[in-house]
Amino acid sequence: MTDKIFLRKKVLAKRDELANKGEKSQIICETVLKSNFFKKAKTVFVFLSFGSEVDTSLILKTCFKQGKKVCVPVCKKDCMMDAVAIQNTSDMTYDNKYGIAEPKDASNVVDKQDIDLIIVPGSVFDYDLNRMGYGKGYYDRYFVGTTAKRVALAFDVQIQNEPILVGEYDVKMHCIVSESQIIGEL
Ligand SMILES: Nc1ncnc2c1ncn2[C@@H]1O[C@H](COP(=O)(O)OP(=O)(O)OP(=O)(O)O)[C@@H](O)[C@H]1O
Ligand SMILES: [Mg+2]
């Protein structure tokens, strides 16, 4: 367990230091936008970038432009999360307990069965599509009972050759997209 905490810290420090995150984020988002899964998806659940995460704003903007239904994460108690529908990015506020943007009005909860594509954040990934998040299990809990495609966005520095130690609740991704690689099927 301490190994995992150490690994997460090390990789996130590297991500914080990474240059040209804006350009790299754009490449990552464009890869997703070109995919059949994105084109087919009617309802997209997408994270709102925090800190040095891949910037998802191009995906959000494109979803709105193309008339897709957009939902974003809202943290609840017991490390549970809702997908809440939003109409535009000005619906956001910044007051969740982790400092992550959330919608002002969290009442429009979307049924997880109705979501086609989940754009997933994370800290560390491996080539076997395993994911480490931020250590609370929000996403692992959310994935239970979904049929949506799980596409994680990461910079290359977050993808490691050594396999990640997985726990019983860790859910694999269908695909990981970085600025230079697509792991799995997009
Ligand atoms: N479906 C679940 N049911 C019960 N406990 C769970 C479930 N998913 C995760 N957990 C528990 O939540 C805790 C955090 O999980 P883990 O370390 O995998 O977080 P993570 O994947 O890094 O976080 P996140 O999913 O929020 O990005 C662990 O104790 C794990 O056992
Ligand atoms: Mg996990």
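User: Where is the place of Leu129?

Analyst: In this predicted model, Leu129 sits in the loop between S7 and S8. Its phi is positive, about 70°, although Leu129 is not a glycine.

User: What makes Leu129 count as partly exposed?

Analyst: Leu129 has 18 C-beta neighbours inside 10 Å. A residue is buried at 20 or more and exposed at 12 or fewer. The value for Leu129 lies in between, so Leu129 counts as partly exposed.

User: Which loop holds Cys79, and why is Cys79 called partly exposed?

Analyst: Cys79 lies in the loop between S2 and S3. Within 10 Å there are 14 other C-beta atoms, and because this falls between the limits of 12 and 20, Cys79 is partly exposed. Cys79 is not a glycine, yet its phi is positive, about 55°.

User: Why does Val177 count as buried?

Analyst: Val177, in strand S11, has 24 C-beta neighbours inside 10 Å. The cut-off for a buried residue is 20 or more, so Val177 counts as buried.

User: With which residues is Val177 in contact, leaving aside its neighbours within four places in sequence?

Analyst: They are Ile28, Thr31, Val32, Val151, Leu153, Ile182 and Leu186. A contact requires C-beta atoms within 7 Å. Asp156 is 21 residues from Val177 in sequence, and their C-alpha atoms are 9.0 Å apart.

User: Which residues of helix H4 are buried, and how do you know that they line one face of the helix?

Analyst: The buried residues of H4, which spans residues 57-65, are Ile59, Leu60 and Cys63. Seen down the axis of H4, they fall within an arc of 100°, so they line one face. An α-helix has 3.6 residues a turn, so residues three or four places apart point the same way.

User: What covers the buried residues of H4?

Analyst: The cover includes helix H2 (21-34) and the strands S1 (43-46), S2 (69-75) and S6 (117-120). After H4 comes Gly67, with a positive phi near 75°.

User: At what angle do the axes of H2 and H4 cross, and which residues make the contact?

Analyst: The two axes come within 8 Å and cross at roughly 35°. H2 contributes Gln26, Cys29, Val32 and Leu33, while H4 contributes Leu58, Ile59 and Thr62. By class, the contact has five nonpolar, two polar and no charged residues.

User: In what order do the seven strands of the open sheet stand?

Analyst: The order is S3-S2-S1-S6-S9-S11-S12, and the pairing is mixed. Strand S3 (81-86) and strand S12 (182-184) are the edge strands, since each pairs on one side only. Neighbouring strands of this sheet are turned against each other by 25° on average, direction ignored. H2 packs on the sheet and touches S9, strand S11 (175-177) and S12, with its direction at about 140° to that of S11.

User: How many bridges join S1 to S2, and how many does the pair of S6 and S9 have?

Analyst: Three bridges join S1 to S2, which run parallel. Two strands pair if there are at least two bridges between them, so S1 and S2 pass with three. Thr43 has Lys69 in S2 as its bridge partner. S6 pairs with strand S9 (residues 149-153) over four bridges, in the parallel sense. Leu117 stands opposite Lys149 in S9.

User: What makes both faces of S1 covered?

Analyst: Thr43 and Phe45 on one side are buried, and so are Val44 and Val46 on the other.

User: How many residues surround ligand 1, and which helix gives the most to the shell?

Analyst: 14 residues surround ligand 1, the closest being Gly133, Gly137, Tyr139, Asp140 and Tyr169. Helix H5 (residues 138-143) gives the most, with four residues. The shell divides into six nonpolar, four polar and four charged residues.

Definitions and conventions
Residues numbered from 1 in each chain as written. Chains lettered and ligands numbered in written order. Predicted model: local features only at pLDDT ≥ 70, side-chain atom pairs only at ≥ 80, totals over all residues. Helix = DSSP H or I, 4+ residues; strand = E, 2+ residues; numbered from the N terminus. Arc of directions from axis to C-beta. Contact = placed C-beta atoms within 7 Å. Axes fitted to C-alpha atoms, helices over the stretch in contact; angles between N-to-C directions. Near = placed C-beta within 6 Å. Nonpolar A, V, L, I, M, F, W, Y, C, P; charged D, E, K, R; others polar.
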